[in-house]
Every structure is written in C-alpha cells, then in structure tokens.
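This report walks through a single structure, from its aromatic contacts to its sheets and loops. Please keep the coordinates open while reading.

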Amino acid sequence: MMRLVKHGLMYGNLVEVTSPSMVSRYNRALEHLTGKRTALQEFHIDISGFSPEIGEELGDPLYLNPNGCNRQFILLNVAQKTAPLLNAHFSTSRSILRRFIDENEDQLFALSIRDAVVGELVNTVFSIASPLDLFDIRSIDVEADTVGGHVEAGDELTEKIDRFMSEPDGWWDDVLIAEMVELSKHTGDIIRTPIALEPQSFEQGNFYTSHYGGLYIFRSVKRTACISARQLDIVADLPVKHVLTLEDRREIASFLSRNKLAEPISRAGKARAESILRQKLDFLVIDTAANNGEDLSDVSRRDLRALKRRHHKDLPDAYHALERYVRALAKGGKPPRLSYDDPAYFYLLRSAGHGDKQLVNMLLAQLTPLDFRQLFICHKDAFYAHYQSWSEAKKTYAAQFLAEEYVVDKVGTRTELFGPEPGMDEDTDPSDYGFGKGMGPWGAVPRYRDDDDDDDDDDEDDDD
C-alpha cells in the first residue's frame with residue numbers, strides 16, 4: 001500500500017499537525033472526548049480530526065468513531081474542510097461535516113483561534129446491532145463547542161446581556177454585572193465577534209454504510225431497496241420493497257431504471273462516450289495482461305494494442321460486448337442493445353443528475369470493479385480491498401495511471417466521466433432522460449416478480 005501513499009492516492013490531502021501548540025491543543029481535545037492522549041509530536045488529521053498515526057498508536061482506528069456511528073470530531077483549523085474522511089462508515093458523513101464547516105466558517109475560525117472545536121454527528125442510534133437499526137437513522141444533528149466551552153459560555157453571556165438590557169433594575173444588579181464581566185473574560189467581546197453555533201440537522205435519506213460488509217440503502221425513492229455487497233442473513237424484515245445483493249443484476253438494473261437513477265454514458269455525446277468507453281476497454285485489457293504475467297511498466301497505446309492481440313482469447317466477455325458497442329458508436333450506427341445480465345451492461349451506465357449522484361456512481365463502481373479508475377474515484381474502500389489482491393504489475397500500472405491521469409486534474413476528470421454535479425436543490429425532470437414507461441437505456445427493462453409492486457404498474461409516476 002506504500003506505493004499508493006507515495007503517489008498521494010492513500011492518506012492524501014491530510015492536514016499536517018507539527019507545532020507543539022497545536023499538538024497540545026489536539027491532546028486536550030482528544031482527552032476531552034476519549035480520555036486518551038497521544039505521545040506523538042507530529043501527525044496528520046482528516047476532516048474530522050482523525051489521525052491514522054494516532055489510530056495505530058492507540059491500537060484503535062475508531063477512537064473518534066465508537067461503535068461505528070455518532071462520529072466525533074476535532075477541528076483545529078477550518079482548513080480541514082478540504083481533507084478526506086478516513087474510516088467513514090456512512091457515505092454522508094463527510095458531506096455533512098463539510099457543509100457544517102462551510103456554513104459556520106467565520107464562527108469556527110474565530111473559535112479555533114482560541115481553542116480546538118470538538119463535536120459529534122449525533123443520531124438516535126448509538127450502536128448497530130442489526131441492519132434494521134440503520135433504518136432508525138433519519139437525521140444527523142451536529143453539536144459542537146470548544147474544549148473550554150466557549151459556545152456554551154457565549155450563550156450564557158448572551159442570556160445575561162438580554163436580562164441586563166430588558167430588566168428595569170438590571171443596571172443596579174451588581175451580581176448580574178459581575179457575572180457578565182467574568183463570562184466576558186472567557187468569551188471575549190461577543191457583540192463584535194459572536195461565537196454562537198446553532199445546532200444543525202441534516203436529513204439522512206439514501207446512503208451507503210460499510211456495516212455488514214457494505215449496504216446501499218435507498219429509502220427516499222419510489223421503489224425502495226437495500227442492496228448488499230454480500231448475502232445477508234436478515235432475521236427481521238427491512239422496511240424496503242426489495243433486499244438485493246450485487247449478484248442480483250436483473251433486479252438492480254430494473255431498480256435503477258424505474259427510479260430514474262441511471263443513464264447511459266452515451267448521453268455525454270458520442271465522441272466523449274466513445275473516449276470514456278475505450279478507456280474502460282483498456283482497463284479490461286490491463287487486468288487480463290496482468291493476470292497473464294505481463295510487464296506493464298511504461299505501457300503505450302501501441303503496447304496496449306499488442307497486449308490486446310496477444311491475449312484476445314483470454315479477455316473477459318465484458319470486453320467483447322463493450323468492444324462491439326464502441327465499434328457501432330464509432331461508425332455512427334445504432335449500438336447493440338445489451339440485456340440486463342450482459343457482463344458489460346453496467347459498464348455503459350453512469351448516474352443521472354440527481355441528489356444521490358455520488359451514491360449511484362459508487363454502486364455502479366462496485367458492479368464494474370475492472371474499471372479501477374471509477375472504483376478509486378467513487379469507492380475507495382472497495383478499491384483498496386481489490387488492490388491488495390492484484391499482481392505487482394497491475395498495482396504499479398494502476399498507481400501510476402491514477403497519479404498521472406486523475407490526481408493532476410480531479411475535477412476535470414470527474415466532470416468528463418460523470419457530468420456536472422447537480423446543485424443542492426436541483427431536481428431533474430425524468431423526461432430529460434428520454435425513457436418511456438418501463439424503459440431503460442436500451443429498451444424495455446425486464447421486470448421481476450414482486451407482489452408488492454403489482455399495484456404500482458399504472459402509477460403516473462412511471463410515465464415520462
């Protein structure tokens with residue numbers, strides 16, 4: 001994994017903590033939250049203040065995330081907002097922290113000058129005993145204050161100031177005035193520099209969790225589902241219409257299409273789609289060549305063509321189906337229709353433009369693991385898990401490719417692959433996708449028997 005670290009593909013963009021004052025401030029915050037301290041004199045932290053070095057020192061990678069929920073955080077500096085979130089158990093956690101920092105940046109900047117800000121992403125579940133518990137998480141409240149309680153003291157001082165200004169005898173209340181003076185020594189001038197942090201709440205709609213081997217929970221859509229990365233032994237019935245695994249390709253294809261969650265990559269335009277799909281073909285060739293012991297160092301386009309010819313009979317079925325599709329696209333003809341169970345089916349999809357775009361692309365990445373670029377961009381934990389099983393040749397190629405082709409222009413690459421990000425309140429009209437009733441990207445999507453869904457067949461929400 002050190003190869004990834006050196007290329008900035010793992011533990012990249014963390015915030016360095018090296019000054020004795022910041023280390024001391026972090027230790028006070030760490031002790032305040034966990035009762036523990038670190039002996040390290042320098043380390044790195046993510047957006048939540050988690051440090052992989054301290055996690056290793058304490059032998060506890062969840063020292064800020066007990067039981068894998070209600071994540072605690074330590075903010076030394078608002079610069080942490082651009083850092084990643086490591087060991088995330090929920091796909092929404094980083095975006096919630098980022099929004100909290102963005103919306104309170106001035107306040108947090110003023111507070112972090114005096115002391116570390118500590119807090120927690122609070123929900124009603126304090127441990128996950130079964131998958132059913134995940135459905136009790138409906139919203140996430142962000143609570144924060146400094147270690148010294150500046151926000152609480154500021155609230156108390158504000159209350160006393162209001163009393164002083166409103167009560168008729170406030171000007172002669174020596175006790176009240178004395179209390180205000182003492183509090184102001186702690187808070188500073190809250191009139192010029194307010195330090196209030198209002199509790200914020202964020203809805204937890206559709207999300208991914210790493211619990212139980214990985215679950216995609218879609219409950220804010222018409223046809224709800226829980227999609228598991230592996231077979232689940234679930235005793236209790238989950239409050240969704242469908243419980244699926246990644247092996248249920250037909251059902252997932254129907255789910256994505258009927259909820260208008262995915263679209264064909266060709267919607268990006270024929271030229272762009274052809275370029276993206278040819279790159280995916282290269283990744284499939286690289287995987288086969290690596291499995292056959294090829295040296296993949298400094299592979300050129302000419303080398304890729306040679307590898308393709310040499311290992312053509314060993315290439316997976318997904319490659320041949322994808323190649324036929326790209327060939328038809330390049331000729332300007334109508335690409336062939338692929339059935340739901342075709343191995344190339346999900347390689348031709350990307351998320352449509354809606355609020356759960358990252359989540360759907362994450363699911364599609366896990367369904368198409370040979371596209372290591374999308375897997376790295378959309379589902380890093382899955383990428384790291386696959387990476388460990390690869391040959392040294394593929395590890396070297398993938399690390400070099402991502403460092404040279406993705407890291408240098410992350411925003412541009414993501415826009416090229418997935419299209420522009422939708423706005424926070426942007427709703428996309430399903431008719432924009434050009435699908436008819438019960439139709440997918442290449443025609444009718446096969447329905448699977450579902451008694452709960454029978455009454456919905458003629459629902460107007462299915463019509464474009």
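F372 is buried, with a relative accessible area of 0%. This is a predicted model. F283 also counts as buried, at 0% relative accessibility. Both residues belong to one aromatic cluster.

Across the whole structure, a search finds 19 aromatic pairs. One of them joins F73 and F100. F73 sits in strand β3 and F100 in helix α4, 27 residues apart, and the pair links distant parts of the chain. F73 and F100 are both buried. A second pair is formed by F283 and F372, whose planes stand at 50°, so the pair is tilted. F283 lies in helix α10 (residues 270-291) and F372 in helix α14 (residues 372-378), so this pair ties together parts that are 89 residues apart in sequence.

A pair of aromatic rings is described by the distance of the centres and the angle of the planes. The table gives both for the two pairs.

| Pair | Centre to centre | Angle between planes | Class |
|---|---|---|---|
| F73 and F100 | 6.0 Å | 55° | tilted |
| F283 and F372 | 4.5 Å | 50° | tilted |

K380 lies over the face of F376, 4.4 Å from the ring centre. The charged end of K394 sits over the ring of W390, at 4.3 Å from its centre.

Strand β4 (residues 117-122) pairs with strand β5 (residues 139-146) over 6 bridges, in the antiparallel sense. E120 stands opposite E143 in β5.

Is N104 buried or exposed? At 10% relative accessibility, N104 counts as buried, because the cut-off for buried is under 20%. Leaving out residues up to four places away in sequence, N104 touches L197 and Q200.

**The mixed sheet**

Another open sheet of 4 strands has the order β7-β8-β9-β10 and mixed pairing. The edge strands here are β7 (207-209) and β10 (242-245), each pairing on one side only. Neighbouring strands of this sheet are turned by 20° against each other on average, direction ignored. Strand β9 (residues 225-228) and β10 pair in the parallel sense, over 4 bridges. S228 stands opposite T245 in β10. Helix α13 (residues 357-367) lies across β7, β8 (215-218) and β9. The run of α13 is at about 140° to β8.

**Loops and backbone**

Most residues other than glycine have a negative phi. What is the phi of N67? N67 is not a glycine, yet has a positive phi of about 65°. N67 is placed in the loop between α3 (52-58) and β3. At 52% relative accessibility, N67 counts as exposed. K260 also has a positive phi, near 55°. The place of K260 is the loop between α9 (249-258) and β11 (262-264). K260 is buried, with a relative accessible area of 11%.

G8 lies in the loop between α1 (2-6) and β1 (15-17). G8 is partly exposed, with a relative accessible area of 36%. The C-alpha atoms of G8 and A403 are separated by 7.4 Å, although these residues are 395 residues apart along the chain.

**Cysteines**

How many disulfides does the structure hold? The count is 0. C69 is buried, with a relative accessible area of 2%. C378 is buried as well, at 14%.

Notes: Residues are numbered from 1 along each chain as its sequence is written. This is a predicted model: local features need pLDDT of at least 70, side-chain atom pairs count only at pLDDT 80 or more; totals for chains, interfaces and linings use all residues. Side-chain values use heavy atoms; hydrogens and water are left out. Two strands pair if DSSP finds at least two bridges between them. Helices (H or I, at least four residues) and strands (E, at least two) are DSSP runs, numbered from the N terminus. Axes are lines fitted to C-alpha atoms, for helices over the stretch in contact, and angles run from 0 to 180 degrees between N-to-C directions. Contact means heavy atoms within 4.5 Å. A disulfide is a pair of cysteine sulfur atoms within 2.5 Å. Buried means under 20% relative accessible area, exposed over 50%, partly exposed in between (1.4 Å probe, protein chains only). Rings of Phe, Tyr and Trp (its six-membered ring) pair if their centres lie within 6.5 Å; planes under 30 degrees apart count as stacked, over 60 as edge-to-face and the rest as tilted. A charge sits over a ring if NZ of Lys or CZ of Arg is within 6 Å of the ring centre and within 35 degrees of the ring normal.
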